[in-house]
Amino acid sequence: MNTTSNIGITFYQNLGKLFYAIAASDNVVRKSEYNSLRKIVKSKWLAVDDIEDEFGADAAFQIEIVFDWMDYETPNAETCFKEFESFFKENESRFTNAIKQLIWDTANAIAGAFSGKNKSELMMLGRLKLLFEN
């Protein structure tokens, strides 16, 4: 596997952590949040690039795989956000305006999937917005 593929897979894995952090910011990941993520991965993220994982599957599925794993392991949402934040800062050139917009749209959809956005989710979204603007 080449370096571009490895970075691409890591990119999607970190998105999975971010989206889990948004969903888990209120300490509960709801089925509607997961369903929202799955729908957006299939409708938007699969078309982003042609990177595949070691099994020949589209690397964008790593978003769902990591989200599922995080939900099973239940790490702290703050820890997951900070891991994404570090990855973002180390790889900022990979984050085009179009990718940032898609990340924002996905995060917003997850946060709004269950009875609108609550305070924890709004705070996490605010931090994401600041990260992307700085």
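**Ground rules.** I am working on a predicted model, in which local features need pLDDT of at least 70 and side-chain atom pairs count only at pLDDT 80 or more, while totals for chains, interfaces and linings use all residues. I number residues from 1 along each chain as its sequence is written, and my side-chain values use heavy atoms, with hydrogens and water left out.

**Entry 1: α2 against α5.** I began with helix α2 (residues 31–43) and helix α5 (residues 97–111), which pack at an angle of about 150° with their axes 8 Å apart. For the helices I rely on DSSP runs (H or I, at least four residues; strands are E, at least two), numbered from the N terminus. The axes are lines fitted to C-alpha atoms over the stretch in contact, and the angles run from 0 to 180 degrees between N-to-C directions. The pair α2 and α5 is therefore roughly antiparallel, given that angles over 145 degrees count as roughly antiparallel, under 35 as roughly parallel, 65 to 115 as roughly perpendicular and the rest as oblique. On the α2 side I find Glu 33, Ser 36, Leu 37 and Ile 40 in the contact, and on the α5 side Thr 106, Ala 109 and Ile 110, where contact means heavy atoms within 4.5 Å. By class, these residues of the contact of α2 with α5 are 4 nonpolar, 2 polar and 1 charged. The classes take Ala, Val, Leu, Ile, Met, Phe, Trp, Tyr, Cys and Pro as nonpolar, Asp, Glu, Lys and Arg as charged, and the others, Gly among them, as polar.

**Entry 2: α4 against α6.** Next I looked at α4 and α6, whose axes come within 11 Å and cross at roughly 10°. That angle makes α4 roughly parallel to α6. From α4, the residues Ala 77, Glu 78, Phe 81, Lys 82, Phe 84, Glu 85, Phe 88 and Lys 89 meet Met 124, Arg 127, Leu 128, Leu 131 and Phe 132 of α6. I sorted the contact of α4 with α6 into 8 nonpolar, no polar and 5 charged residues.

**Entry 3: salt bridges.** My search of the whole structure gave 7 salt bridges, each being a side-chain nitrogen of Lys or Arg within 4 Å of a carboxyl oxygen of Asp or Glu. Among them is the pair Arg 30 and Asp 26, with the closest N and O atoms 3.2 Å apart. Arg 30 is partly exposed at 23% relative accessibility, whereas Asp 26 is buried at 17%; buried means under 20% relative accessible area, exposed over 50%, and partly exposed in between (1.4 Å probe, protein chains only).

In helix α4 (residues 77–90), Lys 82 and Glu 78 are 4 residues apart, or about one helical turn, and their side chains meet in a salt bridge at 3.7 Å, N to O. I list Lys 82 as partly exposed at 45% relative accessibility and Glu 78 as partly exposed at 28%.

Glu 133 forms a salt bridge with Lys 129, the closest N and O atoms being 3.8 Å apart. Both Glu 133 and Lys 129 belong to helix α6 (residues 119–133), 4 residues and about one turn of the helix apart. Glu 133 is exposed at 53% relative accessibility, and Lys 129 is partly exposed at 41%. I also recorded one network, in which salt bridges that share partners join Glu 78, Lys 82 and Arg 127.

**Entry 4: positive phi in two loops.** Asn 27 is not a glycine, yet has a positive phi of about 70°. I place Asn 27 in the loop between α1 (3–24) and α2, exposed at 72% relative accessibility. Thr 74, also not a glycine, has a positive phi of about 50°. The loop between α3 (61–73) and α4 holds Thr 74, which is exposed at 54% relative accessibility.

Entry 5: Val 66 sits in helix α3 and counts as buried at 11% relative accessibility. Not counting residues up to four places away in sequence, I find Val 66 touching Gln 13, Gly 16 and Lys 17. Lys 31, in helix α2, is exposed at 66% relative accessibility.
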